[in-house]
Amino acid sequence: MAAANHSPSSPYSCAKDSGPVIPTTSLVTFLERVQETAFQTYERSKFDHKDFIDLSLKFDLSTTVKAFDEISKTENGSVSTKDFEEFIGKWFKSAGEDLVYVEPKDFETEPYGFLPKVENPEVRAWALEVHGLWKKLSREVSSSVHDHPELHTLLPLPVPGMIPGSRFREVYYWDSYWVIRGLLASKMHETAKAIVTNLISLLDTYGYVLNGARAYYTNRSQPPLLSAMVYEIYNRTGDVGLVKKALPALLKEYQFWNSEIHTMIIHDAENCDHSLNRYYAMWNKPRPEASAIDKRFASKFLNVNEKQKFYRELASTAESGWDFSTRWMRNPSEFTSLSTTTILPVDLNAFMLRMELDIAFFAKIVGDDAIAEDFLTASHTRKKAFNSVFWNENMGQWVDYWLNYGAEPKEPQTWEAQNQNQNVFASNFVPLWIDLFNSDTPLVEKVTRSLQSSGLLCAAGIATSLTNSGHQWDFPNGWAPIQHMIVEGLWRSASTEARKVARDIAERWIRANYVAYKKTGTMHEKYNVEKCGEYGAGGIYRPQ
């Protein structure tokens, strides 16, 4: 499958960056200065940029800024480790102190009906240990965040929820789908509903679900899976009240993802126009949570406009959840060639198709037949776009589509076969997760054969790509969401062969997780799929 990747290459300087920018808070701007000082003060190997942007103030901002300005600094902006640590200890609360542990009310040590098909006593004991992690991850926002939001980058949320853990001390958007699937397996239905409540709260406040519940994430979203979360909870509980609460919010989210910045029109070979979606962050500065590092990547650019365009690409890649991967680069060996805003991603459009189907389903439940009909029509229209724009018959996969650089959202672009990214990524198989595709048995069997010959299937699961770039969303890393969507899509089909492949992948992945847990005592965010039981590496932070 090693076809060349056609990626229209143009310099960032072709046109001015004129996209929208959501302003950040004064506290975030100040903490970026603190982070830069930490970057100059500590060795890179001992430095996590996020630790400093997550600090909360003990005193008001102006007093703290004044004290910071009075610290003795060298010419390069560093201070002595002793002076810096004394300043941090005196003026800040530690990162994470603005979250408070709370006992999840619906947690039981071994809930009735928990994983009834898991009979092996060792594996069952492990499953119960993993189930027990919910007690460690349950948090609510402290009263200080509600009473004095200006002292915190953490955003207020109405009810307790679950955090991913380690350096990720706040709620994240697309992670929450798999958190909810786990909670449902653990029979923690009320906690699952609480997560949806918090995400709807962010949507109601900002007009979209944020990447995460921090002030520095207000400029972007993440893969839109809120409708899928509501569907899974409804499917398990039959809670019509949740559907009624969620539907207006989902309509608002759908509008956001179909706004001008997130949509492009492709004119296909049959003279049909297809409106499809892309990632596009509302930000053109260094990401505050990684400001010091982003500036160093951008230092190769000569002018402000080039830097702004690169910063928007960085933030847009973070919006994709795949940060970072050669998937988004015009030149896979050059990180600063990120060009995420000029790509129509096949998985994002699969998530939009899922949202359309879910909204149609929810509208039917609440008795709004007009909305149901509209979204059912939209889903069939998008399915046609998948066939026209993303499907590659020779590969037997759906692939990302590169836009011509510098094109305006309102101007239709004519589909060109050479603009399909023919490199193999696990995302090419994500559409299998959607029932409109996995219900087509001949199609599933063709895609299954393509997956088997793609090079992505490894000893411990599905690799994210075939390129070993050092980025965390590339080979040899495998991530749980990707394994799950592909396995579940194959398993839902009527194809015996596809279901056999699904079981094989699931067993490899679970075995790798189990072996790694026995070696380390923890679950990991990513695994090396070449070697059973080894966790993944790469990226700009330590593996979590």
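Does Lys300 count as buried, partly exposed or exposed, and at what relative accessibility? Lys300 counts as partly exposed, at 47% relative accessibility, where buried means under 20% relative accessible area, exposed over 50%, and partly exposed in between (1.4 Å probe, protein chains only).

The model is predicted: local features need pLDDT of at least 70, side-chain atom pairs count only at pLDDT 80 or more, and totals for chains, interfaces and linings use all residues. Residues are numbered from 1 along each chain as its sequence is written, and side-chain values use heavy atoms, with hydrogens and water left out.

The structure holds 35 salt bridges, each a side-chain nitrogen of Lys or Arg within 4 Å of a carboxyl oxygen of Asp or Glu. Three of them, among others, are listed here.

| Salt bridge | Closest N and O atoms |
|---|---|
| Arg181 and Glu232 | 3.3 Å |
| Glu334 and Lys300 | 4.0 Å |
| Asp358 and Arg354 | 3.0 Å |

Arg181 pairs with Glu232 through a salt bridge. Because Arg181 lies in helix α8 (residues 175-185) and Glu232 in helix α10 (residues 226-237), the pair ties together parts 51 residues apart in sequence; helices (H or I, at least four residues) and strands (E, at least two) are DSSP runs, numbered from the N terminus. Glu232 counts as buried at 8% relative accessibility.

Glu334 forms a salt bridge with Lys300. Glu334 lies in the loop between α13 (304-320) and β8 (343-344) and Lys300 in the loop between α12 (291-298) and α13, so the pair ties together parts 34 residues apart in sequence. Glu334 is partly exposed at 29% relative accessibility.

Asp358 and Arg354 both lie in helix α14 (residues 346-366), four residues apart, about one turn of the helix. Asp358 is buried, with a relative accessible area of 4%, and Arg354 is buried at 7%.
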